[in-house]
Amino acid sequence: METAVFIVCALIVLAGGLGVVSSRNPVHAALSLIATLFGIAVLFLNLGAELLAVVQVIVYTGAIVVLILFVMMLLGVDREEDLDTEPLVGQRLLAGLIGLLFLGAILAIIIVGKESIVTGSHSVTSAISPTVSNITQIGTELFTTYVFPLEITAGLLTIAVVGAVVLSRRPRDLEPIPEPESMTDMGDEPLTAIPEEGAH
Amino acid sequence: MFGGDPLLSGHVDLAVVLIVILKVVAVFAFLLVATMLMIWFERKVVSDFQNRVGPNTAGPFGILQTLADGIKFFFKEDLIPDRAERRVFILAPLLTVVPAFLLFTIVPFGGDFSNGHDGSVEIFGHTTYLQLADPAIGILFALAMSSIAVYGVMLAGWSSGSKYPLIGSVRASAQMVSYEAALGLSVCAVVLTTGTLSTHGIVMAQAGSGWGGFIPHWNLIAAGFVPFVVFLLASQAELNRPPFDLVEAEQELVGSYHTEYSSIRFALFFVAEFMNSVTMAAIIVTLFLGGPAGPVLLGPGWLWGVIWFLLKMTAFLFLFVWVRSTVPRVRYDQLMDLGWKVLIPLSLGWLLLLATFWVARDQHWNGFITVAIGAVVGLTGYGLLKASIATSKARRLEGVVD
C-alpha cells in the first residue's frame with residue numbers, strides 16, 4: 001500500500017517538475033508546481049508526518065504559489081514564451097550535465113552503501129515517541145530546543161517585511177521634473193481650444 | 001495516522017471499509033441536499049426581506065426550484081470563449097468544487113455528547129464517530145482547503161481571456177489572501193483554549209453541563225467573544241459573500257470571474273459558493289458553539305446531536321442571508337483596511353492575551369495582575385498602531401510618499 005502510494009506520488013511529482021521546466025506558458029508552469037507540491041504533501045502523509053503535509057499545503061500551495069500567480073497576472077507576464085532560444089548560452093547543457101552528475105552520485109551512494117544508507121524508511125523518519133502525536137512533538141521541540149533559531153527566524157521575517165515596505169514606499173522626489181513645454185498651460189489661451197487647421 | 005476515530009484503530013476488515021464508504025455517501029448526499037436547500041432558503045428569505053414572493057412554482061413553497069435550475073443548466077449550450085485558455089478554463093470550476101466538498105469531511109455532525117459520552121455510535125458492531133474523518137491535524141485541514149479554494153476563482157478569471165473576469169479574480173485573490181491571516185489567528189485562539197487540533201476534540205472540550213449547570217462551555221465564551229466575531233467577519237470575506245462581495249460586484253465587473261462561464265460549468269461555481277456557505281456555518285458551529293453537543297431530551301442520543309447541529313447551523317445560515325440582504329457592500333479600501341488594520345491586529349492581540357492568561361494559570365501567577373499587564377501592553381500596541389496609521393495618512397496627504 002505504502003509503496004503503491006509512493007509510486008503514484010513520485011510520478012505526479014516528477015511529471016509536475018517536468019511541466020515546470022518545459023511549459024511555454026508561465027501560468028502552466030505554476031500549475032505544474034502546484035501538482036509537485038501536492039505530491040510531496042501526500043508523500044509526507046505516507047511517512048506519517050501529518051503536520052508537515054498540511055503545512056506544505058497551507059504555506060507552499062496555499063500562499064507562495066498563489067502569490068507567484070498573483071504577481072504574474074498583475075504584471076501581465078502570462079504570455080507564451082519562446083523556449084527554442086536559450087537566454088544563457090550553454091545553460092541547458094550545463095544543467096543536464098549537473099543533473100546527470102547528481103543522479104550518478106545518488107545511485108553510487110545507494111550501490112556502495114547498500115543497507116546502511118538513509119533511505120527515508122520509517123526507522124529514520126518516525127516519531128521520537130510513538131505515543132505522543134507528532135504535532136505535540138514538533139511544537140515542544142520548536143519552543144524548547146530550537147527556540148533561539150525560531151526567534152531569529154521571526155526577527156528576520158519581520159525585517160524582511162519592514163524592508164519591503166520601506167523599499168516600495170520611497171519618498172517621492174520633492175522637486176518633480178518639469179513637464180515638457182508643449183503640455184504646460186502658457187496662460188495665453190485655454191488648453192481645450194485646439195487651433196483649427198483646414199475644414200473638417 | 002487516521003487520528004482518533006475508534007473505527008480505524010483496530011483491525012480494518014471489510015465491514016469497516018463498507019462503513020467508511022457508507023459514511024462518505026451519506027456525507028456527500030447530505031452536503032448536496034443541504035446546498036440545494038440553502039440556495040432555495042437564501043432566495044426565499046431574501047425575497048421576504050425585499051417584499052417579494054421568490055421561487056414558488058416548483059414543488060411546495062418552490063423548494064424544488066434549485067433542482068429545476070440544475071436540470072436546465074445541464075441542457076444549456078456549453079460555451080468556451082475563443083480567447084480562453086481551454087484546459088485551465090475547464091479545470092477551474094472543478095478546482096472550486098473539490099475543496100468545497102473536502103472541507104466538510106472533518107465536521108462532526110452528530111453523536112451523543114451529553115453526560116460524559118464521547119459522541120461515538122455503534123454501526124454493525126463497530127464503534128465510530130459521526131464525522132467522515134478525524135485526523136490529528138483536524139482544523140488545519142480546513143485552513144488548508146480554504147487556502148487552496150482561491151485557485152478555482154483565480155484561474156477561472158485568468159483563463160477566460162477577458163478583462164472583467166481578470167480584474168475580478170485579482171480582487172478575489174487579494175481579498176482571500178488578506179483575510180486568511182485573520183481567519184487563522186482566530187482559529188489559533190480556539191486551539192489554544194481547547195488544547196487540540198482535532199475537530200472531535202474541540203467539540204468534546206465544549207460538551208458537558210457547563211458553568212453553573214446551564215451556561216454551555218462553548219468557545220464563544222471560553223475564548224472570549226473577539227475570536228468569534230473576527231472569524232465570523234473573516235469567513236464572510238473568505239466566502240466572498242455580501243457585504244464583502246467586491247469580487248463579483250455586478251455594477252463594476254459584470255459577473256466577475258464567472259462572466260464567461262455558462263451551462264453546467266457556471267452551475268459548478270454557483271453550487272461551490274453555496275456549499276462553502278453551508279460548510280463555513282458548520283465550521284463556525286464546531287469551533288465556537290459546541291457542534292453537535294447539547295442535552296438529550298428523549299429518544300436516541302445521537303439523533304439529538306444531529307438535531308442540535310442542524311439547528312445551530314441553520315441559525316448561522318439565516319444570519320448570513322440576513323446580513324446579505326441588509327448590509328450594503330463595502331468599498332475596496334474599506335475592505336482592505338478592515339482586514340489588515342483591524343481584524344489582524346485585533347486577533348493577534350487577543351491571541352497573545354489569551355496565551356498570557358493560560359501561562360499565568362499554569363505558573364500560578366496572580367491572574368488579575370498578569371492580565372492587567374497584558375492588557376496595558378496590548379493597549380500600548382494599539383496606540384502605536386493608531387499613531388503609525390495616522391502618520392502614514394498625514395504623509396500621504398502631504399504628498400511626501402505615494
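**Conventions.** I number residues from 1 along each chain as its sequence is written, and chains are lettered from A, with ligands numbered from 1, in the order in which they are written. Since the model is predicted, local features need pLDDT of at least 70 and side-chain atom pairs count only at pLDDT 80 or more, while totals for chains, interfaces and linings use all residues.

**Entry 1: chain A.** I counted the elements of chain A and found 7 helices and 0 strands. Helices (H or I, at least four residues) and strands (E, at least two) are DSSP runs, numbered from the N terminus. Along the sequence, the pattern of chain A reads α-α-α-α-α-α-α.

I then looked up burial. A residue is buried if 20 or more other C-beta atoms lie within 10 Å of its own, exposed if 12 or fewer, and partly exposed in between, with C-beta atoms placed from the backbone. In chain A, 14% of the 200 residues are buried.

For contacts, I required the C-beta atoms of two residues, placed from the backbone, to lie within 7 Å. Of the contacts in chain A between residues at least 6 apart in sequence, 50% join residues at least 24 apart.

**Entry 2: an annotation on chain A.** An unreviewed UniProt entry gives the annotation "transmembrane region" to residues 29-47, 54-77, 89-112 and 146-167 of chain A. Its positions are given in the numbering used here, feature names are shortened, and annotations may be inferred rather than shown by experiment. I checked two of these stretches in the model. Residues 29-47 of chain A are 95% helix and 0% strand, with end C-alpha atoms 27 Å apart. Residues 89-112 of chain A are 92% helix and 0% strand, and there the end C-alpha atoms are 36 Å apart.

**Entry 3: chain B as a whole.** Chain B has 14 helices and 2 strands. Its C-alpha trace spans about 70 × 65 × 45 Å along the principal axes.

Buried residues account for 45% of the 402 residues in chain B. Of the contacts in chain B between residues at least 6 apart in sequence, 77% join residues at least 24 apart.

**Entry 4: the strands of chain B.** Strand 1 (residues 120-123) and strand 2 (residues 126-129) of chain B pair in the antiparallel sense over 4 bridges; pairing requires that DSSP find at least two bridges between two strands. B:Glu122 stands opposite B:Thr127 in strand 2 of chain B. The two strands form a hairpin with 2 residues between them, and B:Phe124 in the turn has a positive phi of about 50°.

**Entry 5: the core.** A nonpolar core is a set of buried Ala, Val, Leu, Ile, Met, Phe, Trp, Tyr and Cys residues joined through C-beta atoms within 7 Å. The largest one has 121 residues, and B:Ala144 and B:Ile284 are among those with the most contacts inside it. Helix 11 (residues 263-288) of chain B gives the most to this core, with 17 residues. Beyond its neighbours within four places in sequence, B:Ile284 is in contact with B:Phe231, B:Leu232, B:Ser235 and B:Phe316.

Entry 6: B:Ala207 is in the loop between helix 7 (199-206) and helix 8 (219-222) of chain B. B:Ala207 is buried, with 25 other C-beta atoms within 10 Å. Not counting residues up to four places away in sequence, B:Ala207 touches B:Phe113, B:His217, B:Gly290 and B:Ala293.

B:Phe61 lies in the loop between helix 1 (14-49) and helix 2 (65-74) of chain B. Its phi is near 55°, a positive value in a residue other than glycine. B:Phe61 is exposed, with 12 other C-beta atoms within 10 Å.

B:His364 lies in the loop between helix 13 (332-363) and helix 14 (367-398) of chain B. Phi of B:His364 is near 55°, also positive in a residue other than glycine. B:His364 counts as exposed because it has 7 C-beta neighbours inside 10 Å.

**Entry 7: where the chains meet.** I found 22 residues of chain B in contact with 21 residues of chain A. On the chain B side, helix 4 gives the most, with 6 residues.
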